Structure formats: structure tokens, C-alpha cells
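Open the structure in your viewer and keep the selection tool at hand. The stops below go from one chain to the other.

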Amino acid sequence: MANSGTASWPVIGHEWAISHLERAIRHDRMRHAYLITGPDQIGKTTLARTFASALNCTGDSPPCGECRACKLIAKNSHPDVTIVEGENSGTLKIEQVRTLQQTLALRPYEVHYRVAILRQFHNANPAAANALLKTLEEPPSRVVLILTARSSDTLLPTIVSRCQPIHLRPLPIETVREALEWHWNADQVQAKTLAQLSGGRIGWAIRAIENPGELEQRDEALDVLEKLLLGKRLDRFAIAEKLATDKPALITLLEVWMSYWRDVTLVANGSRAPITNYDRLAGIQDLAKLAGAERAEHALHATGNTLGSLGRNVNTRLALEVLMLDYPAL
Amino acid sequence: MRVSVLQENLQKGLNIASRAVKSRPTLPILANVMLSTEDARLQISATNLELGISAWIGAKIDEDGAITVPLRTFLDLVNTLPSERIDMDLDIRTLTLHLTCAGKTANIKGMDATEFPLIPEFDPTRAIAVPGLVFKEMIDQVAFAAASDDNRPTLAGVLARFEGDLLTLAAADGYRLSVRTTELEFSVGDREPDPMIIPGRTLQELSKIISDEDEEVLISLPDGRGQVMFGLKNVVVVSQLIEGKFPDYEAIIPRHCETTTLVYTDELLAACRSSEVFAKDSANTARVLIEPSGNTNIPGRILIAGRSQEKGDAEAPVDASVNGNAVEIAFNIRYLIEVLNVIKEDQVVLETSGATAPGIVRPNGRDDFIHVIMPMSTTNR
């Protein structure tokens, strides 16, 4: 997998971040801790994992993708590269940090560096974050910590200040399209559609290509949203009751809704930024006109809040019903 | 891979390797043991990345090869087989190990051996030899004092240091310190390795593996791997070393004492056990009263007392020869019991210098083992 940047890392986009990390390795000036921030599914963990490969690769041009270290890291089964994340995409707990610290105290098993990738650190509970502070401040030698999070704002300032920040943005639509055509053998039409719909989230586009059901799910989700907006309160509650039964599916659905409301807000404000759900442009324009900027933005925030609260053990059905009341009546 | 082994040998090998398999491994493959052929032997290896164990058993090898299979499943199966010959045949395409033993057959699904963490080659030529049972005793006398919580990773380890012909093991957890030295037959000379910190847990497992058959333990440090290897007769144990600097423990050992108490080990141990019954409820605090007799014909005594607010109290006096002033001091009785448990000599010496100074316990007539226990505070009782 070639890359348009200077270094040949198997990561799509994020050229400056790659060249920065690559330079750090070349001059042997790695930081002990990095904080990679950016929206979901744009390649934060991929970048982190590739960095771990590059650090430990035994091939000629790291990461070669061929040596034992590269292969095992790509499979998440390297003894020196630990990936830590909340179980069932929940919060990261203090016990997990403690277990990690035990591992980090030992010298690397096979390679030069022990690397710990702590995914979705915004989901770490405060106790876990505080427990990590000491390791971040005085890490054992030959240990590199990589944290990934949606944004640094929600993390403890004490965590952020101890890491080298690397902020990633969603990829340009064009980059996603090219990558889909080159590396995932998508045909032109499919690549264009998916790239647009992905809104720069390469991970989502790849998932959609590997799992065609993804696109249908999205279509369904948008159909449901458009239908319920036209319905009365009773109809909305009936829909809410049905949706509440399947929580994992609900989260994907709400993410789709959020992207839709974002588009509506953009259009209602007369913004020229490209919209994500461009295949639904007509519906979005209608809605923008009917609801207006203020109410669209309110709906966007409400959806985001519901999404957040679902991660915090609320009653799913009640949360959805509240959301239904927050959505504008047309 | 096509191999034939005896059930008892396989069972024994698997049991040794199983000490390195944790119940909840961090990587799926760590729940497996690796079987690989080597000359006329079958190598059985397991690792949890901190501790790795390889055991070799005699085997008839018809075709070379390697595979990893889930340890629990494999061991459970082997335990049910009669003690006869087991024929194993690997289907490399499906990664399935086929077993036949006394008419019974079984298939175990495995994982590719190339994904198994690398276990370094043991190089006996550059190893340092320590008598097996001496090393076992050293571990037993030191490793229990290492910290079990991992807030301070270096204290969860045991310091091992070679100096000339002396090997020293030391462990401390902030409340006690155990140091044992032994003289080696050969001086390490210019091969003297840097001091290393070995996880206490690995050493405890190693001690359990060392048997009477192991005349010597060969200690070897593979280059630049951050590991230490222990070679026994048919087993090699690899341990990852702990990064960091061990505290300067020599500074903690008191250089002189005011009261020296000589007492029979088993009597003192029995007295400690009686008071422990009650001391359990008060954070294991037991009072230790040392009284000289003042008359050379009558022995002095040492009194161990445990008290619980709810349950009551116990006092156990033991005759002792006391040299120095009377002392009252409080110790964590568990610590005292644990160190007395690993002293094989008939008599022990307790050295104290007042209620707030650390106490020393050591076997009488030897100076290669010393154990320091910090006293407990008795002011706010």
C-alpha cells in the first residue's frame, strides 16, 4: 500500500502526522507518550499501530509489513504491543490501567519498544485516567504510550499536558475515493458514493465496502428519520419503542442521524461546506427550510446528547422519547 | 509432525509448562502450549510474557514439526488417558493435532506455531552454575518478602547480584527486607552480569519446579534481551526482567543492636501462631516483650502477645537467652511467622534496639541470611 506522502506507511492520508512520527524515529527522538485526537473512524488506531510497527520493524524500510513484528502487530497479537480499550466499548477501568502498568514494568519481550495503545481514552473513567498519570510522567525506559481520543478537551488537562498531541482531521473526500479505488478495488461509482457519504471517515467507508449491509442500514436509518419527522408525537413514540429494543443498532442509527442533522444545520445556515448525505439533498433542503437553523442545531445537539447518555446506562426508551420531543414538529 | 511419547512423560511436561499459563491471558495464543520436535525429544513450551517455561520429554520422532494447542484442553485430555504410548499426528493444513492412545482417539484444534512468542535459545556454555537445592532455598528465603501489589514495580521483584564468587538475592516490600547470599564454587570473574531485578512471582514458580534431580541451576543472560534464563535438567525457565533501579537496601540494615535474643525457632514460631489467632483482628499487630533475667542461672524470656478488641487475647512466653536491655516492640506477626517458616536452623537470633528501630531476624551461627522487619507503631492503641 503506497502512500502519497513522503514515508511509505500503510495509512491513508494524515501525511504530516506520518512524516512527523517518521522523522522522530529516524532521529531517535520519540516522545514517551502521544495523544492522537480526531473524530471516530478516521484512522487514529491505524496510525498508532503503524507507528508501533515502524518502531519495532526489523525490515529495511520500516514498517516493512513483512517481518515478524509487522505481521504480528497487524494481527494485534504481538507480545510487546498492547491495545487497551473499554470492554464492550464501555469505559476504560482502573484495573485495566493497573494490569497494563504491570506489563510495562517488564523489559520488552521480543523487540526494542513496548508500545501500549490506549484507545478511546475519552471513555476512560477519571480513576483510570489518574492512575495512568504516574506512568505518563515517569514511564519505564523503552516504553511508548499512545492514547487516542475524540478530542483533548474532554480529557484531564494533566493527561493532555504529558503527551505530545497529534490532531488528525477527517480525510479529504478525494483521498478516500482514491484509496477505495486503489486498495479496496471499488468501482468508480461505488468509490465516489462511499467517499462522499463517509465524510472523510475512511474506516466507515472500508467497513461499508467490506460489509454491504452497512449502506442499507444507513438508508433505513434515514428513511426512519424522515418518516418520524412527518409523524405526530404518538407515531414518534411508537417508533422510539421499536428502536429501543436493539441498543447496538441504535447507536449506529443515531450516528447516521447526527450526520443528517449536521447537513441540515449547514444548509439552513447557508454554509458552503460540503454535506455528507448528498444523496438526500432534496430532503435536507426541505427540512432546512421548514425547521430553520436554530431548531436544526437544537436537534443536532439533542442527538449528540442522547448518543452520549446511551453510553452512561440510561433507560434507552426514555432517552429516545426525550429525543423525539426535542426534534422539531413540522 | 508425527511423534510418539509416553503419557506419564507428557503429563509431567504439561504440568510443568502449565505454571506459565495464566487463567486470563492477554493474547489468545498465550493460552496455548507449543509442541515442537528436537532431536529425540519433544519440547513443550508455555509463556505469559513474564515467565516462560520449556520442558523436554523423550519422544520417538517420525516427522519434525511444531504446533500450539490450548493447554487446558490438552492437559484435561491427557489426564484421562491411560499410561501408555500416545501417538500424535499433526494435520498442518487444518492445524489439527490428532491423538491416538490405547484405542482412543482425539483431535485438538491448534494455532500456528510461528505466532507463538519467541523463546530464546538457552546457551549453557556462558551460564553461571548454582547448586539446585541451595538456589531453591535462597528463593524461598527471599522471594516472599517482595511486594505483591504493583504500585512500585521494582519492589515486586527480587534483586539478584553477582560479585566475585558471591551471589546475593534481596527483596523488600517497604515493611520488611530479606537478603540471602551464597558462595559460588567458581568466581564469576569478568563475566559478572549487571544486577538484575527478577519478578518475585517467577522465582516462586521456579522454586516449585526445582526438584532433587536438579543438581545445579544454570543462570544465563541472553544478550540484550532483558531476560534471564534458568536451566535445569530437562526444563528451562525464562523470566522477563523488571526495568528500574532497586532501592539501596544496605542502608536499611541496622549496623548495631542493643538487645540480642537467642531462642529456639520452633518454640518462637508456636508462640507467634498462638498470638496470631487474636492479632489477626488488629492488623496483625503483636507485642513482643523481651526481658533479660539478670541472673546467669535463669534464662531470660521473650513474650509474644496478641490482642483483639472483640475476641480476647493470648500471651505466649518462650525461654530465651537475652543479652542487653529489656525491650518492648510490636511487629506484624505474619511477617515474623513467614520468616521463621523459612529458617531451618534450630535457633534464631532476634536483634532489636527499642520500639521504633527495625528488628533483625537471622538463623543462629550463619551470616548469609538476614531479615529486617520494621516495627509497628503502638502509640495510638
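## The sheet in chain B

Start with chain B, where 12 strands make up an open sheet with antiparallel pairing, in the order β14-β11-β12-β13-β25-β24-β23-β18-β21-β20-β19-β22. Select β14 (196-199) and β22 (327-332) of chain B: these stand at the edges with a single partner strand each, so one side of each has no neighbour in the sheet. From one strand to the next, the twist averages 25°. Bear in mind that this is a predicted model.

Next, select residues 359-363 and 369-373 of chain B. These are β24 and β25, which pair in the antiparallel sense over 3 bridges. Which residue of β25(B) does B:Gly359 stand opposite? The residue is B:Ile373.

## Helices of chain A

Move to chain A and select α7 (residues 173-183). Its buried residues are A:Val176, A:Ala179 and A:Leu180. Look down the axis of α7(A): the buried residues fall within an arc of 100°, so they line one face of the helix. These residues pack against α8 (188-198) and α9 of chain A. After α7(A) comes A:Asn185, with a positive phi near 50°.

Select α9 (residues 202-210) and α10 (residues 213-230) of chain A. Their axes are 6 Å apart and the packing angle is about 110°; the two helices are therefore roughly perpendicular to each other. Show the side chains of A:Trp204, A:Arg207 and A:Ala208 in α9(A), which meet A:Glu214, A:Leu215 and A:Arg218 in α10(A). This contact has 3 nonpolar, no polar and 3 charged residues.

Finish with α13 (residues 281-310) and α14 (residues 316-326) of chain A, which pack at about 175° with axes 9 Å apart. The pair is therefore roughly antiparallel. By class, the contact of α13(A) with α14(A) divides into 4 nonpolar, 4 polar and 1 charged residues.

Notes:
Residues are numbered from 1 along each chain as its sequence is written. Chains are lettered from A and ligands numbered from 1 in the order in which they are written. This is a predicted model: local features need pLDDT of at least 70, side-chain atom pairs count only at pLDDT 80 or more; totals for chains, interfaces and linings use all residues. Side-chain values use heavy atoms; hydrogens and water are left out. Two strands pair if DSSP finds at least two bridges between them. Helices (H or I, at least four residues) and strands (E, at least two) are DSSP runs, numbered from the N terminus. Axes are lines fitted to C-alpha atoms, for helices over the stretch in contact, and angles run from 0 to 180 degrees between N-to-C directions. Angles under 35 degrees count as roughly parallel, over 145 as roughly antiparallel, 65 to 115 as roughly perpendicular and the rest as oblique. Contact means heavy atoms within 4.5 Å. Ala, Val, Leu, Ile, Met, Phe, Trp, Tyr, Cys and Pro count as nonpolar, Asp, Glu, Lys and Arg as charged, and the others, Gly among them, as polar. Buried means under 20% relative accessible area, exposed over 50%, partly exposed in between (1.4 Å probe, protein chains only). The arc is that of the directions from the helix axis to the C-beta atoms.
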